Amino acid sequence: MARTHFNLPPLSALDAFEAAARHRSFKRGAAELNVSPSAVSHQVKALESELGITLFERTNRGVNLNRDGTLLYVALEHGFGHIADAIESLRKQSSKRGVQVIATTAMSHLWLTPRLGRFWREHAHVTVNQQVNDYPWTDERYDLLIRYGDMKSDGGECRLLFEDKLRPLTSPSFAQLNPVKDLADLARLPLIHLNALDRQWTRWKDWLAEMGYSGPVPDGLSVNNYIIALQAARDGMGVVLGWERLTTPLLNSGALQVLTDFCSPASKTFYVRQSPHAGKKAKLLRDWLVETAHNEAADG
């Protein structure tokens, strides 16, 4: 028999012996383990051969533990009992921990949090813990990670939430005072630049170049957080590059409005990545978020 780190026989043989010893029957032990009696008998014989002793007294009526068998059974009963207690404790901790979700400030504030209330009403047994993180990487323990970027390059089990469009957004008062006829007019306005550590976010210079503009792009106001950029635009400080679906709450409320008809598809997508160690509750939340996002896209 192969040895383990603790110089033990294979756990399958110990498990078969423990079940047969507890029931005083190979047949009943086999039924509990969902194997054949001959399989249990084979495991016990292999264990006895490896130890160089017999563990049972075999009679016409069944089997009884001998002195050595009783010694081993008592030790296994205590050992397996301690293991079972530890596993149950870990399961309870996992149940209480809830689903750990990491999202950027913008995604959490504008999209995720408004929907979690409905998820909780439908699945009150699932606790969701949010961790806001605007860095492009993370070593935090998580179950679900929501990102904007290239889903294929992230690896892991990723699901698309939604694709988006990019439009210039500003406050209604600023739009009224600053009509825009072409891209040159737009570039001359105070542009609110997002210079976050995560380089996945599209910059004004890149978007204007994609739209066909090759002129100068003034520096303007620069911030490192998208929520701050949106607030600056709401305060009439300039024009922010807006992810249309992400900023839907601000557009619907009238806090921001589209400045011009210039629009392009976002080059990257919003998606959710599930950690390999995530449990059933995390998968439930992931599938619910994906379905919700897709239904909203279908409804327009």
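## Around V132

The model you are looking at is a predicted one. In this model, V132 sits in strand 4, which covers residues 128–132.

A106 gives a further point of reference for this spot. Along the sequence, 26 residues separate A106 from V132, while in space their C-alpha atoms are 9.1 Å apart. Is V132 buried, partly exposed or exposed? With a relative accessible area of 43%, V132 is partly exposed, because that value falls between the 20% and 50% cut-offs.

## R24, between helices 1 and 2

Next, have a look at the loop that runs between helix 1 (11–23) and helix 2 (26–33), where you will find R24. The backbone angle phi of R24 is near 55°, a positive value in a residue that is not glycine. R24 is partly exposed, and its relative accessible area is 38%.

## N34, between helices 2 and 3

Moving on, which loop holds N34? N34 belongs to the loop between helix 2 and helix 3, the latter spanning residues 37–51. N34 is a residue other than glycine with a positive phi, here near 60°.

How does N34 count, as buried or exposed? N34 has a relative accessibility of 70%, so it counts as exposed, the cut-off for that being over 50%.

Terms used
Residues are numbered from 1 along each chain as its sequence is written. This is a predicted model: local features need pLDDT of at least 70, side-chain atom pairs count only at pLDDT 80 or more; totals for chains, interfaces and linings use all residues. Side-chain values use heavy atoms; hydrogens and water are left out. Helices (H or I, at least four residues) and strands (E, at least two) are DSSP runs, numbered from the N terminus. Buried means under 20% relative accessible area, exposed over 50%, partly exposed in between (1.4 Å probe, protein chains only).
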